[in-house]
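Me: I'd like to learn how to read this model feature by feature. Can we take it slowly, with the general idea ahead of each case?

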Amino acid sequence: MLGSFRRRLGALIGGFEAAQGSRRLKGFQPSRAHVNTLIAAAGSDITARARYLVRNNGYALNAAESWTGNAVGTGIKPSSLIADKDLKALVQQLWLAWTDESDAEGLTDFYGQQRRAAREVFIAGEVFFRLRPRRPEDGLTVPLQLQMLPSEMLPLTRTEVLPNGNTIRQGIEFDRIGRRVAYHFLRRHPGDLTDPGMVGEMVRVPAAEIIHVIDPVESGQLRGVSRLAPAVVKLFLLDQYDDAELERKKIAAMYAMFVTSPAPADVIDMVPADDGSGDRVVEVQPGQVVPLEPGEQIQTSAPADVGGSYEPFEYRTLLQISAATGIPYAYLSNDMLKANYSNSRMALLEFRRRVEAWQHSVMVHQMCRKVWQRWLDVAVLSGALDIPGYERNRASFIACSWLPPKWDWVDPLKDAKAEIEQIGAGLKSRTQALAERGYDAEQVDAEIAADREREQRLGLSFGATPPAAPTHDTSPISQRMDMSERVFSIDTVSEVTGISRTCLHGLIHRRHFVPIHSTRNGVARDFTLRDMVHLAVISDLRSIGIDLRRAVNMVGSSADGTAGRDIVTCRSGEIEITVDVARIADRVRDRMVGEWS
């Protein structure tokens with residue numbers, strides 16, 4: 001009654017159309033329940049459907065694997081901020097040894113557990129890890145392991161008030177001021193029928209022993225929601241649509257021809273089928289001539305094609321699924337036909353911003369930091385590490401930066417050069433650049449120093465050789481080699497560049513190429529070295545199948561497009577080619593030297 005009054009009042013007052021009860025929005029009545037209520041009612045079904053799709057739908061599986069590979073990759077690794085270099089190296093070495101023993105199931109290492117956690121959060125919306133202390137006689141480097149618990153192990157339906165005043169909400173126990181004090185887990189997975197006994201048994205685990213990895217989407221949210229939730233319906237229906245199309249084509253392909261006859265009893269040359277089914281079929285052979293009775297006709301099967309709307313419909317639906325899951329279309333579908341360098345880079349940049357935010361706000365903050373702090377505490381208490389003053393200065397010893405794996409780009413050469421220029425201009429440090437690639441600067445510097453020392457000891461030399469000291473050669477040949485101010489005839493240009501005199505005259509006459517010393521009427525009597533290098537670039541583009549007019553458009557109509565540049569990126573439509581102008585200029589000079597010497 002009150003809602004109806006509000007809608008009538010809103011209709012009279014006006015205001016926000018989104019709140020009106022007009023004809024278009026009459027059936028739009030969303031729930032006003034809190035997200036925890038919605039998850040309690042539907043969370044288990046969403047998780048079950050998401051797991052089904054990942055097991056049976058290629059697009060869902062691709063989305064989950066793509067997210068996992070980009071979010072964690074080979075692992076988000078720690079770099080201790082301890083000032084003492086020797087102690088830092090000892091801590092890092094002990095951590096590396098422990099990572100191979102971290103999994104309580106013994107299936108993977110700590111970075112593999114990170115990967116499994118990222119995958120579970122994508123599919124189920126959350127995952128739990130229990131910190132399991134171990135006995136010294138277990139023989140571990142540090143007596144600590146992690147046990148992974150899927151979200152189904154913590155019942156969403158467990159909500160009650162305890163006698164001590166604490167409350168259990170969706171399996172999580174809170175004290176009177178809202179702090180998490182415990183988690184009430186099932187002893188076995190409710191859907192695992194291979195695990196006998198302990199059906200329905202619960203165990204209370206203190207919150208200090210549990211790591212809850214979750215990416216909450218609303219304030220006050222207690223449990224996770226699958227990232228596939230907005231795409232579940234479309235993924236399922238698209239899968240059904242594809243299956244229906246495939247089945248339709250399969251059934252249509254089974255019928256080769258149909259025989260129509262006014263006398264069914266006299267159907268032509270029917271023979272029993274070989275499969276023993278009792279059906280009678282018509283045998284058809286290449287070049288066969290089949291006599292027909294009066295009135296009989298043979299019609300070949302002509303099944304309808306899927307039509308021109310199939311691909312656009314699939315593409316548009318997959319774009320919606322891509323937007324719902326946050327996975328780029330190319331990653332979701334493995335369709336690279338519509339991708340080029342520019343749109344691929346734009347999609348990657350946006351995707352990586354999202355992944356970086358998730359890495360630091362979820363994986364690092366909720367899992368990595370807690371594991372590192374507990375591991376260091378246990379290492380000191382067990383005697384695996386001897387750190388004087390640890391209890392007094394614990395905050396300084398547990399300080400640590402976490403380095404995600406480096407990103408691979410579509411064109412790594414361009415990005416590497418851009419990064420080198422940023423470092424040279426002081427816009428970023430080597431430490432930051434190495435951290436973005438997933439490496440610790442001190443460790444890399446130590447490795448470089450050790451490599452150089454070993455190379456010097458063994459008499460090895462790698463990489464670029466240092467430039468020789470400049471010398472001034474005054475021989476007649478070297479004087480003739482100073483070609484920056486020389487001019488050359490069209491015959492010389494044609495011979496060096498491989499472009500015929502006729503093509504050169506045509507280019508100049510149509511103003512497709514304007515030499516530096518061209519006359520007012522467009523006639524060129526001489527050419528500079530820069531003109532010759534520019535025309536050599538055009539000639540190289542022609543050699544890889546690009547027509548002359550397009551090659552000229554890609555590099556420009558004058559030597560200004562290439563003069564003074566080592567590398568030039570030429571673009572035409574979706575074609576993008578990187579040209580090494582410096583190498584071509586050297587080749588032109590060598591050719592001239594060979595002729596003159």
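Reply: Buried means under 20% relative accessible area, exposed means over 50%, and partly exposed is in between (1.4 Å probe, protein chains only). Keep in mind that this is a predicted model, where local features need pLDDT of at least 70, side-chain atom pairs count only at pLDDT 80 or more, and totals for chains, interfaces and linings use all residues. Residues are numbered from 1 along each chain as its sequence is written, and side-chain values use heavy atoms, with hydrogens and water left out.

Me: Okay, cysteines next. How many disulfides does a search of the whole structure find?

Reply: General idea: a disulfide is a covalent bond between the sulfur atoms of two cysteines. The cut-off here is a pair of cysteine sulfur atoms within 2.5 Å. In this structure the search finds zero. Take Cys368: the nearest cysteine sulfur belongs to Cys400 and is 8.8 Å away, so Cys368 is in no disulfide. Cys368 is buried, at 0% relative accessibility. Cys400 has 19% relative accessibility, so Cys400 counts as buried too.

Me: How do I read helix packing, and at what angle do H2 and H3 pack?

Reply: Two packed helices are described by the angle between their axes and the distance between the axes. Helices are DSSP runs (H or I, at least four residues), strands are runs of E (at least two), and both are numbered from the N terminus. Axes are lines fitted to C-alpha atoms, for helices over the stretch in contact, and angles run from 0 to 180 degrees between N-to-C directions. Here H2 (residues 35-56) meets H3 (residues 58-71) at about 100°, with the axes 6 Å apart. That makes the pair roughly perpendicular, a label for 65 to 115 degrees (under 35 is roughly parallel, over 145 roughly antiparallel, the rest oblique).

Me: Which residues make the contact?

Reply: Contact means heavy atoms within 4.5 Å. H2 brings Leu53, Val54 and Asn56, while H3 brings Gly58, Ala60, Leu61 and Ala64. By type that's five nonpolar, two polar and no charged.

Me: What does Arg119 touch?

Reply: Leaving aside neighbours within four places in sequence, Arg119 contacts Val54, Leu61, Glu65 and Thr68. Arg119 sits in helix H5 (residues 110-124) and is partly exposed at 24%. Arg119 and Glu65 are 54 residues apart in sequence, yet their C-alpha atoms are 7.3 Å apart.

Me: And Thr47, is it buried or exposed?

Reply: Buried, at 8%. Thr47 belongs to H2 and touches Ala124, Ser151 and Glu152, not counting residues up to four places away in sequence.

Me: Last one: which residues touch the most other members of the largest nonpolar core?

Reply: A nonpolar core is a set of buried Ala, Val, Leu, Ile, Met, Phe, Trp, Tyr and Cys residues joined through side-chain atoms within 4.5 Å. The largest one has 64 residues, and those touching the most other members are Trp95, Phe110, Phe129, Met363, Met367, Trp375 and Trp402. Helix H9 (residues 341-381) gives the largest share, 14 residues. Another core, of 32 residues, lies apart from it and includes Ile499 and Phe527.

Key:
Nonpolar A, V, L, I, M, F, W, Y, C, P; charged D, E, K, R; others polar.
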